[in-house]
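Please keep the sequence and the coordinates in view while reading.

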Amino acid sequence: MSSVHDHNRRAWDERALAAKRFARPARDEDLADPLSLLDARGWLGDVAGKELLCLAAGGGRQSAQYAAAGASVTVVDLSPEMLALDRQVAAERGLCIRCVEASMDDLGALPAAAFDIVIQPVSTCYVASIAAVYWQVARVTKVGGVYVSQHKQPASLQAATAPSPRGYELVEPYYRSGPLPAVQGSLHREEGTLEFLHRWEEIIGALCRAGFVVEDLAEPMHADPNAAPGTFAHRSLYVAPYVRIKARRVDETAAADESRKLWTP
Ligand SMILES: C[S@@+](CC[C@H](N)C(=O)[O-])C[C@H]1O[C@@H](n2cnc3c(N)ncnc32)[C@H](O)[C@@H]1O
């Protein structure tokens, strides 16, 4: 495992121990009608009885919600302390949640074609290669299975944290390598972690090349026209922070045929 993985494991362990944002287990109100919160667009349908992987989703929130909705849940995370929150909530609520400590770009601990549904909250920013994650997800997803993933939009990782008289200026190049410089005091980044910008070709193109077709795409709304300049809601008026993608695992032969058609002159 790389130094980036080690760094981010430590960072998320610390965030879990300090109960920071994204490291807080499900509350009663999160479990009352979980699918209305998790799947407002109805991309997943009824999850009851489905094999569902919560990828890079430790923290005791999504795993508990999907388990409460009747899914057979496996949660994978790099951080043992984030997974400790999943174990804690499972014990407190009497839910069955399998916890696997692994990196999203090495899912060798999981069997092939095991999952009907894979959900991944914002987390691909913590690895250098998003394509490596997609190939791993393709291996563990059944043909016909659904993969819903959320990502940081590249423009949001390029734009300044604070406003200038001209809005939020692009201060990071689109074509870049290595982790992004640290920023402080902004909700569009997680302090202490190492994060990477992925270009649209990597976010969408690599997904298709790994054997998925994109069925839908949403930009979760965080903008508020009345928000004070410099707040997350104000910045989100100018630059959408996240994208959510619904993709389906297709037969590899069919996917290869489709991509050949696209490349035939
Ligand atoms: C923003 S949190 C998402 C989960 C959170 N429960 C939520 O409320 O959305 C990002 C998660 O990614 C995990 N993570 C970071 N790098 C990872 C990696 N390489 N493989 C698996 N998980 C990773 C972190 O430990 C953290 O739990």
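**The ligand and its surroundings**

A nitrogen atom of the ligand lies 2.6 Å from a polar backbone atom of Gly-58. The ligand alone exposes 590 Å², of which the protein buries 97%; such accessible areas come from the Shrake-Rupley method with a 1.4 Å probe, and for residues only the protein chains shown count as cover. The model is a predicted one, in which local features need pLDDT of at least 70 and side-chain atom pairs count only at pLDDT 80 or more, whereas totals for chains, interfaces and linings use all residues. Residues are numbered from 1 along each chain as its sequence is written, and side-chain values use heavy atoms, with hydrogens and water left out.

An N or O atom in the side chain of Arg-61 is 3.0 Å from an oxygen atom of the ligand, and an N or O atom in the side chain of Ser-103 is 3.0 Å from a nitrogen atom of the ligand. There are 20 residues around the ligand, and those that come nearest are Gly-58, Gln-62, Asp-77, Ser-103 and Met-104; a residue is counted here if one of its heavy atoms lies within 4 Å of the molecule.

The ligand sits in the largest pocket. A pocket is defined on a 1 Å grid over the protein atoms alone, as an open set of points where a 1.4 Å probe fits, with protein on both sides within 12 Å along at least five of seven lines; lining residues have an atom within 4 Å of a point. A molecule sits in a pocket if more than half of its atoms lie within 2 Å of the grid points of that pocket.

Gln-62 belongs to helix 4; helices (H or I, at least four residues) and strands (E, at least two) are DSSP runs, numbered from the N terminus. Gln-62 has a relative accessible area of 11% and is therefore buried. The classes are buried under 20% relative accessible area, exposed over 50% and partly exposed in between, with a 1.4 Å probe and protein chains only. The C-alpha atoms of Gln-62 and Pro-25 are 8.4 Å apart in space, while the two residues are 37 apart in sequence.

**Charged pairs**

How many salt bridges does the structure hold? The number is 17, a salt bridge being a side-chain nitrogen of Lys or Arg within 4 Å of a carboxyl oxygen of Asp or Glu. Arg-199 takes part in a salt bridge with Glu-201, at 3.9 Å from N to O, and in another with Glu-202, where the closest N and O atoms are also 3.9 Å apart. Arg-199 counts as partly exposed because its relative accessibility is 21%. Glu-201, at 49%, is partly exposed, and Glu-202, at 25%, is likewise partly exposed.

A further salt bridge joins Lys-246 and Glu-215 at 3.1 Å, N to O. This pair links distant parts of the chain, with Lys-246 in strand 7 (residues 242–249) and Glu-215 in strand 6 (residues 212–218), 31 residues apart. Lys-246 is buried, at 13%, whereas Glu-215 is partly exposed, at 37%. Elsewhere, salt bridges connect Arg-21, Lys-152, Arg-189, Glu-190 and Glu-195 in a network.

**A buried histidine**

His-151 is placed in strand 5 (residues 141–152). Is this residue buried or exposed? His-151 is buried, because its relative accessibility is 1%. Its side chain makes a polar contact of 2.8 Å with the side chain of Thr-124 and another of 2.8 Å with that of Ser-149. A polar contact is a pair of N or O atoms within 3.5 Å; within protein, one atom must be able to donate a hydrogen and the other to accept it, and residues adjacent in sequence count only if both atoms are side-chain atoms.

**Loops and backbone angles**

Most residues other than glycine have a negative phi. Ala-56, although not a glycine, has a positive phi of about 50°; Ala-56 lies in the loop between strand 1 (51–55) and helix 4 (62–68) and is buried, at 18%. Ala-113 also has a positive phi of about 50° without being a glycine. Ala-113 occupies the loop between strand 3 (97–101) and strand 4 (115–120) and is partly exposed, at 42%.
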